[in-house]
Every structure is written in structure tokens, then in C-alpha cells.
Amino acid sequence: MKLLVTGGAGFIGSAVVRQAVAAGHQVINLDALTYAACLDNVASVADAPGYTFVQGDIRDSALLETVFADHAPDAVMHLAAESHVDRSIDGPGAFIDTNVIGTYTLLQAARRFWDRQGRPEAFRFHHISTDEVFGSLGATGQFTEDTAYDPRSPYSASKAASDHLVMAWHHTYGLPVVLSNCSNNYGPYHFPEKLIPVVILNALAGRPIPVYGAGENVRDWLYVKDHADALLTVVTRGAVGRSYNIGGENEARNIDLVRMICDLMDEMAPAGAPHDRLITFVTDRPGHDLRYAINPARMRGEMGWRPSVTLEEGLRRTVRWYLDNPNWWQALQDRDGVGQRLGVGP
Ligand SMILES: NC(=O)c1ccc[n+]([C@@H]2O[C@H](COP(=O)([O-])OP(=O)(O)OC[C@H]3O[C@@H](n4cnc5c(N)ncnc54)[C@H](O)[C@@H]3O)[C@@H](O)[C@H]2O)c1
């Protein structure tokens with residue numbers, strides 16, 4: 001297939017790009033190269049036949065018109081977004097601009113292209129979203145595809161809005177869309193402002209490891225390679241107009257996750273052991289959702305997909321990757337806001 005991937009220089013998008021190229025797909029990677037992007041993430045495929053990079057913004061209608069006309073993709077995989085909840089608390093405007101207006105602009109461009117092509121049934125607009133649109137769970141229960149939306153942060157509200165636009169473009173205009181909502185990802189090339197890289201890099205540097213609140217918040221962690229596999233499954237085999245919840249069935253409280261990483265650091269970078277002495281509880285994020293958990297039955301039953309990596313194994317690979325790739329993360333640590341506490345609220 002010829003895939004137009006938006007946000008392909010980010011964390012998950014670059015995993016999709018690398019795996020799509022390896023699977024023999026042609027890929028056009030459209031990315032604005034914001035603070036969260038890094039072209040090193042896709043350096044391994046930069047010279048691959050069938051791979052093209054276009055620097056551009058999904059809010060630029062004229063540019064999108066040219067990209068669709070020049071490349072005539074079989075499918076769009078839309079990952080470009082502002083993605084950091086803490087930044088959305090300090091500056092929600094960028095999240096509305098990119099996640100809502102950007103998705104609207106991309107939908108319109110895709111729809112015009114699809115109309116010009118004679119509305120092919122096989123075309124797909126795959127919107128990549130998050131489980132955060134479903135809000136916060138108590139101690140029990142799981143999100144299914146039928147769970148009502150209840151977003152609580154500017155980030156999740158902007159993603160929820162974009163999900164609604166995507167489904168509206170299907171019901172109103174017939175655009176063949178698929179939607180997926182995934183739990184927290186982790187793995188190589190994770191931008192160093194997110195929890196798991198922060199823990200690894202602070203432990204390595206002997207700096208305090210910040211844990212929000214009492215560390216009781218529970219997330220369902222999925223190794224990024226498994227998410228990229230799931231996304232390539234959904235875009236090729238997903239049913240039009242359907243949504244798919246993707247999760248790792250790897251729930252962990254933040255404090256337990258942090259302790260697991262500290263244990264791995266004790267083993268793999270023993271000079272600073274014990275690393276859990278660095279754990280520091282800090283003021284919680286306002287509106288911090290307590291628990292997310294995905295019921296992945298539809299992905300398992302209809303697609304035969306399941307995660308290949310346990311949390312223990314995925315964390316081990318991730319720690320190894322950060323220890324082996326200082327050049328990658330050192331270059332990103334000077335970027336605006338990285339290493340600072342963001343999203344404390346008023
Ligand atoms: N990270 C997670 O745990 C997670 C979980 C579920 C879903 N998601 C969703 O997956 C997608 C990718 O997440 P990520 O963690 O890789 O994000 P990321 O922040 O690492 O990457 C986002 C990419 O989008 C690009 N981008 C931002 N604004 C753009 C614009 N206006 N035009 C073009 N490109 C733009 C950035 O340059 C960057 O390369 C997002 O839509 C996110 O909501 C993320």
C-alpha cells in the first residue's frame with residue numbers, strides 16, 4: 001500500500017514508518033517537525049526505496065492538496081498531534097489548533113482527493129487516538145469501544161473532538177474511516193519529557209525522579225512496536241466506520257512502574273544503585289485521571305492481534321536502548337520545556 005503517515009517523525013509515527021517500510025509499503029511521511037519531532041527516528045529508512053519525507057503542517061490546506069495530488073495514497077494514517085498532557089494544561093491553544101483544526105483540514109483534503117478519485121471503497125482514513133478520550137476509571141472496569149466519551153484534560157478533549165470529526169466525516173460524507181484508541185505507549189525514541197524516559201534519564205544522572213501525587217495513577221502500558229503492528233493491522237484490515245481499542249493488558253501503578261525501572265537501572269547501570277533513593281513525590285497534575293484500562297477483545301477477536309512483549313521485557317529493552325543511545329536523547333534535552341515541571345496549573 002501507499003501510506004500517507006502524518007506525524008511520522010514523532011515517537012509512535014516513526015515506529016509506524018519504520019515498520020511499514022520494512023513490511024514493503026510505500027510511505028510518505030508528512031511532519032511539521034515541531035519540538036517533539038526528530039528526523040533521527042526515521043534515519044534508518046531515509047534512503048529506502050518508496051520512502052518520502054515532506055515537511056509540512058496538517059493545517060496547511062494548500063500543501064495537503066499538493067501532497068495528495070502528487071502521491072495519491074491508498075490510505076492516510078493520521079498521527080500528527082500535540083501529545084503531552086502537561087503542555088496542554090499550560091497552553092491548550094496549540095492542542096485545539098493541531099488536534100482539532102488540523103484534523104479537520106486533513107479530513108477535508110482527504111475527502112476532496114477521495115472524491116476526485118471516484119470515491120474508491122478501498123481508501124482508508126485511519127485516525128490514531130488515545131484511551132484518554134474515555135476519561136478516568138475507578139479501581140475496576142475497562143474501556144470498550146462503546147464506552148461513552150468523557151475527556152478531562154485539554155489534550156484528551158482535543159483528541160475526543162478529532163475522533164468525533166472523523167466519525168462525522170464518515171457518516172455525513174461517506175469517507176471510509178477507521179479509528180483506533182490506544183493506551184500509553186513506551187519504548188525506543190520516546191521523547192524525553194514523558195514519564196518512562198524521564199525516570200531512566202534522571203536515574204542515570206542521579207537527579208530526583210519526580211512521581212506525581214502518591215504515584216497511585218494506573219496506566220495500561222503497550223510497547224510501541226506492538227502498537228505500530230496493531231495500527232498496520234487496523235489500516236489494512238479494519239472495517240470501515242469501526243473503532244478499535246488497543247491495549248497491552250499491562251496495568252501498573254506509576255509508583256510500581258518507576259520502581260521496576262529503578263530495579264532495571266540497578267542491574268544495567270549499577271554505578272548509581274540503589275536508584276529508588278531518587279524517587280521524589282511532587283505536586284499532582286490537576287485533573288490527573290486515576291486509571292485507564294483497555295479491553296482489547298475486538299482487536300483480539302476480529303484481528304487476531306495481541307501484544308508480543310510483556311511490560312517487564314519491554315521495559316528491559318527500553319532501558320537498554322536509552323543506555324545505548326545517549327546521542328539521541330542528549331540532543332533533545334535542550335529543547336524548550338524539556339526537563340522542566342510543566343502543567344502544574346493555576
Ligand atoms: N504516546 C502515547 O502513549 C499515545 C497513546 C495513544 C495514542 N497516541 C496518539 O498517537 C499519536 C502520536 O503520538 P506520539 O506520542 O508519537 O506523539 P509525538 O508528540 O511524539 O509526535 C507527534 C508528531 O506530530 C508532529 N506534528 C505536530 N503537529 C503537527 C502539525 N500541525 N502538522 C504536522 N505534523 C505535526 C510532530 O512534529 C511530531 O513529529 C498522537 O495522535 C497521539 O494522540 C499517543
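**View 1. Strands β4 and β5 side by side.** Strand β4 (residues 75–78) runs parallel to β5 (residues 124–130), and four bridges join the two. Look for V76: its bridge partner in β5 is F125. Two strands count as paired here if DSSP finds at least two bridges between them; strands are DSSP E runs of at least two residues and helices are H or I runs of at least four, numbered from the N terminus. This is a predicted model, with local features needing pLDDT of at least 70, side-chain atom pairs counting only at pLDDT 80 or more, and totals for chains, interfaces and linings using all residues. Residues are numbered from 1 along each chain as its sequence is written, and side-chain values use heavy atoms, with hydrogens and water left out.

**View 2. The whole open sheet.** Seven strands line up as β3-β2-β1-β4-β5-β6-β11, with parallel pairing. At the edges sit β3 (51–55) and β11 (243–246), each pairing on one side only. From one strand to the next, the twist averages 20°.

**View 3. Around the ligand.** Here 30 residues surround the ligand, and the closest are I12, D31, S83, Y155 and K159; a residue counts as near if one of its heavy atoms lies within 4 Å. A polar side-chain atom of D31 lies 2.6 Å from a ligand oxygen atom. For Y155, an N or O atom in the side chain is 2.6 Å from an oxygen atom of the ligand.

How values were computed: Axes fitted to C-alpha atoms, helices over the stretch in contact; angles between N-to-C directions. Polar contact = N/O pair within 3.5 Å; in protein donor to acceptor, adjacent residues only side chain to side chain.
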